[in-house]
Structure formats: structure tokens, C-alpha cells
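The following note sets out comments on the model under review.

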Amino acid sequence: MSTERILSIIAAVGLLLTAGPAPAQDAIKIGVSQPLTGAFAASGNYVAQGAKIAEDDINKAGGVLGRKIQLIVEDNKSNPTEAVATAEKLIQKDKVPVLMGAWSSTLTLAVMPKLVEYEVPMLVETSSSGKITTSGNPWIFRISPTSEMEAKAFAPLVKTLGIKKAELLGTNNDFGLGAMQEFEKMLKAAGVEIGAKETMDPKAVDFSAQLAKIKASGGDTLFVTTDVSQATLILKQAKEQQLKSRIITTGGSVSPDQLIAQAGEAANGSLHLVFFTPWFPDAVKNPDLATKFVKEWNARGHNVGGLTEGFRGYDGITTIVAAIKAAGTVEPKAIQKALWNVKVHGINGDIAFIKQGPAGQESAQNVPSVYLIKIDNGKVVKM
Amino acid sequence: MLDQFLQHCLNALMLGGTYALLGIGLTLIFGIMRVVNFTHGELYAFGAYMMYALVMRLGIDFFAALVLAMALGIVLGGAIELTLLRPLRSSDIDITMLVMIGAWIVLQNSEQLAWTGVAQSIANPFPAEPLVFGSLSVSWNRVFVLLVAMFLISATYFLVNGTKLGRAMRATFQDRETAALMGVRIERVHTATFALGSGLAAASGALLGPIFVVTPTMGDLAATKAFAIVILGGLGNVVGATVGGFILAFAEEIGVAYISSGYRDAMGFLLIILILLVRPTGLIAQKERIS
């Protein structure tokens, strides 16, 4: 290689290093770890899109502490090992004082020891496994409901819907198993008989065996806990197998719009627990904010089916920024302290934290709104 | 009780057809060519995405789209063979493996770039109401897949065992030098075999896409099952892959029904371990020259 060529390569590399995005040294960095690729890619991207809307809104309004904010979004590839790597990278290399992540319960649980190690708080926007806030990790601030909260919110409906015998079908991970346990507890307490309890691999696409067993068990209602693509297949295959049970999904990650588009007729009659109702923004606690968010989401051309995930990113970032504002500094410990006292008007409702877990090292848990909707004739209706 | 058992058997029969189809494409490439083909699952996803593009975006007839998707799979497979495998013909197996892992990652991420991670579904022309026998039921689409799978399996069997190309394939992968001396154009045979195996993977994707949903990661699970089926049935054996596919499907269904659904995927692999303990070369082993 000639000296000239070597020099030109050095120059090119130098250019790459200096070019980069506009000087943002002054911006406050917030780390985001989401599954942008892999099995949960669709949902992770929606959360990131919602977070971006919050970033732009906050910066347009002048930022926080006189500085702009800058999200650094890392892809955890739907993989717990990668999730830990993104947290390491965000904390060690980007020096972010606070994180948001990591969508699935399994991914969040994988990251948690790193928060203790580096003493950095993380806002959990989606995960619902009870373990996250009961294991004694004081760096966790969760805005999404736990499976237990969902089950409690659902309890009064057991009578209304006339549920006598129920089956449970959940994905075989922290999210699915946790929800199955909480719903079983709640249903039993309400005097409902529990029939078959089945699980499935998070990647599985054929549930014919589980559904045949559920059909033979003969309940009137089937509770399903999984992501939207598996829920789509379960609805389609339940119809193929002539399963007559009413199907109810939990977890808030089953986008009804996507189900209508993809499961078609098979989605009719199914019920879904969701944490945001973009179909009737008036029904939520802060309707102005919800309407504004839906408008901006559509203006950006994002998938309408992603709204029920996207709002989580928006609420997460606004909560973090409220804490930074209250802390008056970007020290992780100060942000952690400030998070305990934030009161934020979110899209889901008003966000504030209560204590959960062992005394002395409690995690923070929000008490969010939970809504039940029904798909009727290809349309989402209120229950 | 009996109804439930029969429904499980019917489900297993339908599932077995799809597993067998996944297995035969790979048994040609992995079994006969001895290329550890990590792109098999991606060709499966490619077939499904082509089906989605042709039917849902371009509005082409469902059945014509099936044929086209398979043809495109053959073209992509041929291209992979010509650009990645041909230059590596004399390299070690681990180098080929690494290149194929690279191709797998590139293909999967290109799918997400092109189609996003949102699951897509493909409309099919079959009646929405299932086919019902008493208390048993099965969707028309699945019956169609089983029939096409049986046809493709028989055609592949005939091609490998009853045609000149098939003979050239078997000769080439048994002994390259001798086959070349006998006038077999071995480079072409390599390309043809890989293209055919890839076409079968794309055909499975195109057939199963409308039954399941289409996502960029759909190939991972398909590839895992396909490798299991090929090993179960014996490398390079079309009949073995077919039988292996049905056995795996029955093991999974019956396992879920009478043991536990949590171990559905483990059940199949447990069976493979058991069979390999008794018959280390697979269920239907071929006599083979080691060197």
C-alpha cells in the first residue's frame, strides 16, 4: 500500500470520527434499550417511536435545565445477553445518568443487576412480571402495571362476563408464567374453576396441540398472555379448531388494530386488556394529551396498530425528564431520588410511584389505568 | 377423550406434512452436499415474504404466486451458491459455516429493513370455515398444504432417485473426482442441488406463510426443526426426512396432550437423542463410504 493511500485512509477515518451528529455535548443523554430486531422487533420499534415524539416535544418546549435532551437508543435484539450489553454500553461509554427499557420481562430482569452494579436508575415502560419490583432492586421505577394489578383490575368483570370455568395459555417466560399465576389466583378467589393450564415457546407458531387440549378441557373463557403475533395465530387456530371459549388477552401488548388487520374474522368476539385506548381518547384520564399524541403519531406516518405500545415510550421519557427537572442535576442518584416524588400527567393516566418489595431496598411501582376492550365485527368497542 | 386423541392425531398429520417439507430441502443441501446451511431458514422466510409481496402488494393469483415464490427461491439459492459457496469450494467446513452464518444474519436483517418487524399476514382463497368431521376440525388451507407437500416430496424423491440429474448429484457428493472423470459437470451439480434445496425451503415458506404470520425471525424456528428432522431421518435421505417430519410432529402433539406443553420443543429433541442412541446414523440410514 502506498503512503498516499494510507494517508488518505487516515484522513477518511478522521473525517468519520469528527463528522458525526451535530455537537450535542451539551444535551442531556437518556439511554433507551429496546428490542429493535428479533422476535419483539415490532413492539420495540413502536416504543422507540413514542419515545422520539416525547424527545421532540420536550426539546421544542426548550428542553430541561436549559439543555436539550438526547435519546441514545440501543437495540437489545430481543435477547437477554444483548440487553445486558446495551446497558453496559449506555452506562459505561455514553455515561447516561438514567435508562429506559427493556420491553420484555426477561430482558428487564437480565439488565437489573447492572443497575445495582453501576448505581443507575431505570424506568421500566412495558414489563409486567411481578419479580421486577419485588426482588429488592431500588433502581427500578416501573410505570407499566404488574400482572397482579391487571388481574385485580379484571376481578370485578368475572361476574359481569359470567365466567364459570377458565383455561390459561401463556408464553413460557417470565411474562407469561407470571401472568398465568396471578390470573389463576384471582380467578380462584372469585370462585372460577381452572381447567387446562398450557404454555408455549415464545417463538412457537403452531398451537394446535395446546388448543385441542384446551377445547377438551371445556371451559367458557381462555386467558392468553403473549405478544401480538402469537395472539394473532392463537385466534386463527382457535377458529380452525372450533374452540368456542371467549378469548381474553392480558399484558397490554396485543394491539387490537393489528389483530383486526391480520386475524380478520377470527378476532371477532375477543377481549383485550390494554393500557391506552387510542380509539376513544376521551375515555382516558388526560384526553388532551392523548389526542395530541395520536395526532402526532399519525402525522409521522407510524403504524396505527403501534399506538398501544408507542404511548409507553412517550410516558417513560416524560417521567424521566420530570425527575431530571426536579433533581436539578444529571447525577444518577439525584434522579433516582427525584423519581420517587414525580407527579406526571401521562397518556395512560397520572404517573406516581408507590413502594414495592423488601423494606429498605424497595422498587418503585406506578398504579396505571387498565382498560378492557372488545373486538366486535372488525371494530374496537368499549366494554 | 377419544375425540381429543383423534384431533391430536389429525393435527400431527397436518403438522407432519409441513415438517417433512422443511426437512427434504435441507436434507439435499446438508445431507447430500454436506454444507451446514444456516440460510435454510432465511430461504423459508424469503419464500413467505415473496408470497406476501406477490399476493398482498401486487395482487397476483394465490396459486401463481406459490409457483413464482418457489422459482424466486431457486434463483436466490443459485445466487448464494455461485457467489458464496463456489469460491470456497476447497476451503474447510468451518470457513463455509462462518460464511453461511454471515449470510443468515444479512438475509434476516435485510428482511426487517425491507418489511419492518411488524408481522404480516397473507390472505388465502380457502373457505374461512374449517372442514368438520363430527367433533374434529381442520382448516382447508392446512389440507391444501399437506397435499402440495406430499406432491413436492414425491417429485423430489423421483428427481433424486430416478433422473440423470439425481444420479449426477449422488455421484458428485459421493466422490467428486471420479464423478468429474466420468464427465459429470460437478460445478453445475453443486449449483443445481443448492438451488433446488433452497427452492423447496422457499416453497415451504410460501405455503406456510398464509397459515402463520410472516416475520423476519420466522426462519429461526423453521431451521431448528429442519436440522432436527434431517438428523432424525438420516442425512441425505428424502424418505428419512419425510418420516422424520411426521415422527417429530406426532411426538410434539402427543407430548403436549399427555405430558406437558412446556416441554413441547424438548419432546422432539428428546426423541432424537433416543433414536440416535439406538441408531447413530439416523432412523433410515444409508450405507456410505467414509473416505
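**Comments on the predicted model**

1. Among contacts in chain A between residues at least 6 apart in sequence, those joining residues at least 24 apart make up 69%; two residues are in contact if their C-beta atoms, placed from the backbone, lie within 7 Å.

2. This is a predicted model, in which local features need pLDDT of at least 70, side-chain atom pairs count only at pLDDT 80 or more, and totals for chains, interfaces and linings use all residues. Residues are numbered from 1 along each chain as its sequence is written, and chains are lettered from A and ligands numbered from 1 in the order in which they are written.

3. Chain A holds 14 helices and 16 strands, taken as DSSP runs numbered from the N terminus (helices: H or I, at least four residues; strands: E, at least two). The radius of gyration of chain A is 22 Å, close to the 21 Å that the globule rule gives for 383 residues, so chain A is as compact as a globular protein of that length. This radius is taken over C-alpha atoms, and the rule is 2.2 Å times the number of residues to the power 0.38.

4. Chain A is divided into domain 1 (28-145 + 288-366) and domain 2 (149-274), with bounds from an automatic or database domain assignment. The C-alpha centres of domain 1 and domain 2 of chain A lie 28 Å apart.

5. In chain A, 18 residues of domain 1 are in contact with 19 residues of domain 2. Helix 4 (105-118) and helix 13 (307-327) of chain A each supply at least two residues of the side of domain 1 that touches domain 2. Helix 4 of chain A gives the most to that side, with three residues.
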